[in-house]
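Trainee: I would like to go through this structure term by term. Please set each value against its definition.

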Amino acid sequence: MSLSTIRAMQLADSGFPSGVFAYSWGLETALADGQVCKRTLTDWVAAELRTRWLRFDRVALAGGFRLAGEALTDWFHTVDTLMPVERNRRESAEAGDALFASARALRISMDPGAEAAQASGTGHFSVAHGVFLRACGLTLTEALETSALSMARGAFSAAVRLGVSGAITTQRDLLALAPLLSELAVAPAPDDLPSGFMPLSDVALMRPHEGRLFIN
Amino acid sequence: MTAARVGIGGPVGSGKTALIEAMLGVLAETGIETAVITNDLVTDEDAERLRKGGKLAPDRVRAVQAGACPHTVIREDPTLNMAAADRLEADYPGLDLILLESGGDNLASTFSPNLVDYWIFVIDVAGGDDIPRKKGPGILQANLLVINKADLAPHVGVDFPRMLAEATEVRGGSAVLPTVCRKGEGVVEVVEHLRREVLFK
């Protein structure tokens, strides 16, 4: 097994501290509104992978992985501009702050262009994740696989904590999604821009929900 | 110089927020620049309560939600709190102290040493006088154990001197302080303890 594969396994592990456990990215509200249930949970996660992750997070991460210096700072700002909903934009930057804090504590050096973006409040998680995974020695493909798996695992983990699904059931569901994760984790073209409209989860992200347990 | 980070944990309803509310007045009188991070289990009710208390500028109270895991956000993955504390220090360079209030949890909760320099565990007499005997990491490992609502002891059938003695015994002599936070009793002693053990001022 290569060193970068071992590192990818470590960085995709649910025990890796990056703050993502506190985000449900709309799932909590969608469950409360009855738009998704135990039976359709895997479909929700698959749809999120095919839309939000594939079209937005994957492209944002790849830019973070590939770029450096001022070009990287510009990329953070571009991603910031492409997030028109203020709340989502703010929460994405807050999630990024947690990853930067983790990197500092681990003494993993983030590119100065990323540090500059974080200082200006645009240190979005998906881009920072690309910077961080490159700094940890992963290849871009491994970084994308790590990100996709983390996104799916995070959604299932939220469902477990919300009492909608069981820890064993979600592992079965995650196994079933493995081929999709592998299929989607392909590097985008260098000139791709993040885009995406995911009506159900976008609306869920914006809707206030009384008694919310997750940040979003 | 960075601000000292002090965790305040304990079961739901033990008086963590009440302790912080009472401490803020004493800390302000002694010139200690303070900020607070709350980890509400649901929304940001504790943060709002502290903001409305008026003892601290509202922006010095930040809320971090715990994703249904009050122990995870202070122990297994403290990065959200670390980021919030880093941000507070950047916004207020002269801070002496950041208090991090855990969402209510059980006797097994502990703070990550990556997150805090020192931590306080708060229990109350109404939870039962057997809590110290049950031990648990919160009781045993906290740098300071606070037993709150001491005035309720006669009303809930608790022999308070005995509870205090048992708590001191199971902790091997580590600090235990009684409080009645709603009346401000014992709070000066808690602040003095922090000044002596953590702040050195």
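Trainee: What covers the buried residues of helix 6 of chain A?
Mentor: The cover includes helix 4 (69–81), helix 5 and helix 7 (125–135) of chain A. Helices here are DSSP runs of H or I with at least four residues, strands are runs of E with at least two, and both are numbered from the N terminus. This is a predicted model: local features need pLDDT of at least 70, side-chain atom pairs count only at pLDDT 80 or more, and totals for chains, interfaces and linings use all residues. Residues are numbered from 1 along each chain as its sequence is written, and chains are lettered from A and ligands numbered from 1 in the order in which they are written.

Trainee: Which residues of helix 6 (residues 112–119) of chain A are called buried?
Mentor: Ala114(A), Ala117(A) and Gln118(A). Buried means that 20 or more other C-beta atoms lie within 10 Å of the residue's own, with C-beta atoms placed from the backbone; exposed means 12 or fewer, and partly exposed is in between.

Trainee: Why are the buried residues of helix 6 of chain A said to line one face?
Mentor: Seen down the axis, they fall within an arc of 100 degrees, so they line one face of the helix. The arc is taken over the directions from the helix axis to the C-beta atoms.

Trainee: What follows helix 6 of chain A?
Mentor: Gly121(A), with a positive phi near 85 degrees.

Trainee: Why is strand 1 (residues 4–9) of chain B called largely enclosed?
Mentor: Six of its six residues are buried, so the rest of the structure largely encloses it. Ala4(B), Val6(B) and Ile8(B) point one way, and Arg5(B), Gly7(B) and Gly9(B) the other.

Trainee: What makes strand 1 of chain B a partner of strand 4 (residues 97–101) of chain B?
Mentor: Strands pair if DSSP finds at least two bridges between them. Five bridges join these two, which run parallel. Val6(B) stands opposite Leu99(B) there. Strand 5 (residues 118–124) of chain B also runs parallel to strand 1, with four bridges. So by the two-bridge rule strand 5 pairs with strand 1 as well.

Trainee: Which residues touch the most other members of the largest nonpolar core?
Mentor: Ala152(A), Val6(B), Ile98(B) and Ile147(B), out of 128 residues. Such a core is a set of buried Ala, Val, Leu, Ile, Met, Phe, Trp, Tyr and Cys residues joined through C-beta atoms within 7 Å. Helix 3 (residues 41–66) of chain A gives the largest share, twelve residues.

Trainee: How many residues does each chain bring to the contact?
Mentor: Chain A brings 20 residues and chain B brings 20 residues. Contact means C-beta atoms, placed from the backbone, within 7 Å.

Methods: Two residues are in contact if their C-beta atoms, placed from the backbone, lie within 7 Å.
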